Amino acid sequence: MKLRTKMLKPFRKVPVLNAANVLLVENEEHLHSRLADIIVQNEKDVNITVRLARKLPLPVENQDSRPRIDLVVFIVNLMSERSVQSAEQSVRYLDSGFFLGKVCFLVTGARCLSVSSTRLLTVRKMASSLHCPLLFAEDQTSEGVIAAAVRLLGILKVAAGLVPFATGLSLNSVTHCILPSDLEQNLDSPTC
Amino acid sequence: MTEASILPGLAGAADCSNENDSSCSDISNKSLRIAENAKKKRQAEAPLLLALKYFSQVKTGTPRNGNDELYGYLEQVEREALAQGLAPEAVSIMLEFAMSLRMTSAISSRVLRFLIPASVVPQEAVVRGFSWLCMQKLSQPTQVLFLRWVLSMFDMIDSKDNLRAIYGFIFSFVIDETMCPFICHLLYLLTLKEHVKPFRVRKLLDIQGRMGKQPFLMQLLALYKVFCPEMVTLTMPSKMKAGFKNHNSTWKVALAALRKRNISKETHSMELTLGVRQHPHRRKRKFHHLLVPALTPMMESSRSNSRKGVCLQQLSSFAELLDNLNSIELPAQMGSLLSSALALHYLDCVQDESAFLRLNFWLGHALHEEFLFGPVDGSSESMGEAAHFLSMLVSTQHFLQEGFSSTEGFLYKFLTMWDGFLHRPQILELLSDIPLVPSSYIKDVLFEPLMQLYFTSSVFFKCSVIECLTSMLRKWLTWHSVCAQEEGLDISLNNRSTMSLSLSGFLDSVLKLVQFVGRLTSVGLQLERGHTLLLHHALGFYETVSDMFLKYSLPLFVMLPPGVFFPALLATDPVSIDRLGYIMFRYRQNLTSAKEQQKKQRELSLHINRSVYKEFNTYLVAMVAHLWNSKSFSPRTGIEVSEALLERTKVADYSKSFDLIHHPAFLNYAIDFHQQCWPERTDVDLNSIKVGKYWEWYVEFLFTQGFDGLRDFIKVNINQASARQSIGQPLSQPTQPSQPTAVSSPSS
């Protein structure tokens, strides 16, 4: 019963015309505000609201003032184990309706993964079991952050229904993460 | 200034004064300011010299506990090493001190950990290190640490011929299980043909029997096999794992920092002495794997005179290369081949397997360790460096007209974690170079990661992906058509036993690629609302696909998907329709010539699916009905919309709205034509163009506007007789349409 009130539901609110709302969830809080700025600056035609959170569930008090969330982005920093765990726990507070094209994962630090590739595998498994897209971002350079923000904006506009002939679900069906088969791992992973 | 900054504490501990003075005087000739700097530097180095002197003279068994002098000096050297790097003499002294185990092994390993050379490592020091290793006094972790140090600093060892001379000694350590991976790596770097001996091969096989098929053993054996195939009968797996790990983790950060500092110093010194622009960063390149090393010969010392080999860097012209083609010595560092045009010519014509093996190893290592999992500092400098390296790799592969297998492996790995932006031009260029991917795993390694990137990225990224895949398809097809000529692989050949197998494999992969791009373009155009640029890239791809039979002699016919055809047909720019006309024209030419060939050799039917003809005819009917017969939206034209719905649009003559006159893409041409025909008329009645001769003139007028594709399409597909007949009468009479001369499927 308690869990149910804490759940974030996608269709609880009525959508507003020409508006899209995205929720960025990041435990470390060092990328999401930068992303938010760029997302808002990059879109002129539509009213974009970016909401930031460290983790889910969101506080119950603000439930009524909170707008309808069109896209939830989990930002996972592979350099930290906590980041992965926090995302894993937060996902539980999303209503299943979100997983029809309203959730995606954004991973940073995948390239300097000399220490632990198991974290990447964990996130990959999570994303593929939830049928969500898994994006990678280069958060070290400002160009990389801009590129990531622009990609998120594109997904957001589709998820918010602002792109004719495309829905979040249709986009999700072509972008969701698929666990690489063993073959690929055999082919090109360096022996460790 | 340059000298002084690169080689701090140039001279060793004991006999420093002479050399240092002479180097100083050289410098002071250049500029007074530089000399002063050097002097300041020398003063700062005095304690270091004392410390080095201490380490060169300290006796075995000197007490360690409470020895403040020792720790003071140790810290002194450590600070200097991490800040500036150590001069070659200092490296010798410290290595000697560490390896001789005059203190405890804890001290030895501490010394090894901070042993960062400023410029080069004298090879004699390394040789002495090995002689100490032979004493078997060192503890196992220290032994491994020493080997890791040698491997990490390998590029900086000034020459390797003496190391090669003690190959046998080094080989003897291979039986030690903990040291074996490191020894194998070192041997891999040192091995020459003369080192491959039957007893060594036996030993390695023996160890392999004990330890299992370890990748490091396999790599070394693979190299042995390249040099002496008769000695190693082992069969190697075609796709081998990268065998050696990178061992430089301990020193990586320090080396990178050192290199950065040196570069900044060097650029600073460049400002002082303009004119020295010949080899600006050559020297520093050794510090980083992503930089291509300079061309240095394998045999550095006087011994090279006794060998008849010629080093690549001695050659300066193509003619010289041709003269010495059979006696070329490969350089010590295979990566240096990338930067030399002559070396690439050599690689290209000699097809030396060992050279490719070594180059691939070097490249795979560089890409994996330095780029893929490299230091992510995001500085513009390191980004520029990586971009430069990748661009050079691109131009090398273009020169050789083939991709390296190590690049391929790297790309598959990188695609799964790419953000779609980092080094995009180079990555896509490299991607288009990858050789044919077997259809069994093309989906996993290529399509899935690309698709996830494609659909989540901007329209411009989508365009560049399609462009990349077009170029990939062209390269595969070209490769096939060249192979077909070389090996007599011909679809009309009778002996199809082995060839048809490979041909069918090839067809499978190409078919998968074409279908994949069909999916990307259809859904992409839908997402981007028929973006013109994306449409043109899609049409560019199908220009290649439509011509596969005639241009590349590949018996494969795949029609473009409706998701591309109809957006192009109903596009608002005339160029899309023109290109579509050209594509349909090429499809027709290919299909008819295939049918003729089929008739000629009935028993060797090259099989064309009947559905291809059917699809082609549907498109043809749709195109003619829309553009020529003014019968848009009527049944059997591909787009069927119920009449009730069309009425509600309140467009008066909806069936005419996509003919050559009213089509939004051609409307301005029609108005232009109208004005030229009837300059005095003020009210524009476009329907009058359809009457009589004007229609013929109008079509001719369009052709003069450069719509060659459309002209080819109309000339081939519209039956001239019936066309003329229909031109004779107003085209509004739908009972007399000019029929498209459809290609019929062979059996019908």
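User: Why is F585(B) called buried?

Analyst: In this predicted model, F585(B) has a relative accessibility of 11%. Buried means under 20%, so F585(B) counts as buried.

User: What makes Y582(B) partly exposed?

Analyst: Y582(B) has a relative accessible area of 29%. The partly exposed class lies between the buried limit of 20% and the exposed limit of 50%, and Y582(B) therefore belongs to it.

User: Where do Y582(B) and F585(B) lie?

Analyst: Both residues are in helix α28 of chain B, which covers residues 574–600. They are three residues apart, about one turn of the helix.

User: How many aromatic pairs are there over all chains, and why is the pair of Y582(B) and F585(B) called tilted?

Analyst: The count over all chains comes to 30 aromatic pairs. For Y582(B) and F585(B), the ring centres are 6.4 Å apart and the planes meet at 45 degrees. Centres must lie within 6.5 Å for a pair, while stacked requires under 30 degrees and edge-to-face over 60; the pair is therefore tilted.

User: Which residues form one aromatic cluster?

Analyst: The cluster consists of W628(B), F673(B), W695(B), Y698(B) and F701(B).

User: Is C104(A) buried or exposed, and what is the class of C677(B)?

Analyst: C104(A) has 0% relative accessibility and counts as buried. C677(B) has a relative accessible area of 25%; since buried requires under 20% and exposed over 50%, C677(B) is partly exposed.

User: What makes A51(B) buried, and what is A51(B) in contact with?

Analyst: The relative accessible area of A51(B) is 0%, and the limit for buried is under 20%, so A51(B) is buried. A51(B) is part of helix α3 of chain B, residues 32–57. Beyond its neighbours within four places in sequence, A51(B) is in contact with Y73(B), Q76(B) and V77(B). The C-alpha atoms of A51(B) and L74(B) are 7.4 Å apart, although the two residues are 23 apart in sequence.

User: Why does N27(A) count as buried, and where is N27(A) found?

Analyst: N27(A) has 10% relative accessibility, which falls under the 20% limit, so N27(A) counts as buried. N27(A) is located in the loop between β1 (19–26) and α2 (32–42) of chain A. With residues up to four places away in sequence left out, N27(A) touches R54(A), R82(A), S83(A) and S86(A).

User: What percentage of chain B do buried residues make up?

Analyst: Buried residues make up 53% of the 748 residues in chain B. Chain B has 34 helices and two strands.

Note on methods. Residues numbered from 1 in each chain as written. Chains lettered and ligands numbered in written order. Predicted model: local features only at pLDDT ≥ 70, side-chain atom pairs only at ≥ 80, totals over all residues. Heavy atoms only, no water. Helix = DSSP H or I, 4+ residues; strand = E, 2+ residues; numbered from the N terminus. Buried < 20%, exposed > 50% of the residue type's maximum accessible area, 1.4 Å probe, protein only. Contact = heavy atoms within 4.5 Å. Phe/Tyr/Trp six-rings, centres within 6.5 Å; stacked < 30°, edge-to-face > 60°.
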